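Here are a few notes to read with the structure open beside you. Take them one at a time and find each spot as you go.

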Amino acid sequence: AQQPAADDTTLDNAKDAPPAPVLACSGSFDRASSHAKLAAAFGEKNIAFKQLEGTGSRNERVTVLFENEPVKQVVIRWREAATRSGIASIEISAPSIWIGPGGIRNGLPLKQVEKLNGGAFSINGFEVNDGGFASGLKGQLASPPGGCSLSVRFEPGIANPLPKKFAAIVGNKKVSSGDRLMRRAKPMVSEWSISYN
């Protein structure tokens, strides 16, 4: 039998995969952390401080954990860039498999996020700058322990861009996660992040 590719992170083979690392708003990832603290926790060779191509003209320097391992990659922005200290935000984009506050992770289908949330929420229409971002999260997803806030972004699971018949869930608008057309688009988490105010 052919072996599945090592970077295949579909939910079907999740039970065979090694346990995913957990990222909480504490420990190495608490508000007061630093590049040096992360290097001590994860190893100097697994951490890089680099220029990130930003949107617009502002290029930003960030710390990247596991830069060469997309399934483990973490991007950290600093409040104090000069000293690389005080976490502003942490981004986890697919295919990275970290599990975040409340059990959020990339690849989770919409219905499972509703279950974690304890009900429906809103999603920004797709194919615009802030498309796919969730709002109206509740419980653990609304205010994770550790004083951080969580942001979750979805992308359609059936096609991107979506076919024309999905026009009602595209563009600058908020759509309920319970919307029939939204459910038919089979959204999945494609990125999540935590930030500290």
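Predicted model: local features only at pLDDT ≥ 70, side-chain atom pairs only at ≥ 80, totals over all residues.

1. The chain has 197 residues, and 37% of them count as buried. It exposes about 10,700 Å², with carbon and sulfur atoms supplying 51% of that area.

2. You'll find four helices and nine strands here. Going along the sequence, they come in the pattern α-β-β-β-β-α-β-β-α-β-β-α-β. Take the contacts between residues at least 6 apart in sequence: 57% of those join residues at least 24 apart.

3. Now look for the open sheet made of three strands, in the order β6-β5-β8, with antiparallel pairing. β6 (134-135) and β8 (174-176) are at the edges and have a single partner strand each, so one side of each has no neighbour in the sheet. Strands of a sheet pair through backbone hydrogen bonds.

4. Zoom in on β5 (residues 122-124), which is joined to β6 by two bridges. Ser122 sits opposite Ser135 of β6.

5. Which residues of helix α1 are buried? In α1 (residues 35-42) they are His35, Leu38 and Ala39. These cover an arc of only 100° around the axis, which means they lie on the same side of α1. An α-helix has 3.6 residues a turn, so residues three or four places apart point the same way.

6. Just after α1 comes Gly43, with a positive phi of about 95°.

Notes. Residues numbered from 1 in each chain as written. Heavy atoms only, no water. Buried < 20%, exposed > 50% of the residue type's maximum accessible area, 1.4 Å probe, protein only. Contact = heavy atoms within 4.5 Å. Areas by Shrake-Rupley, 256 points an atom, 1.4 Å probe, with all protein chains shown as cover. Pairing = 2+ DSSP bridges. Arc of directions from axis to C-beta.
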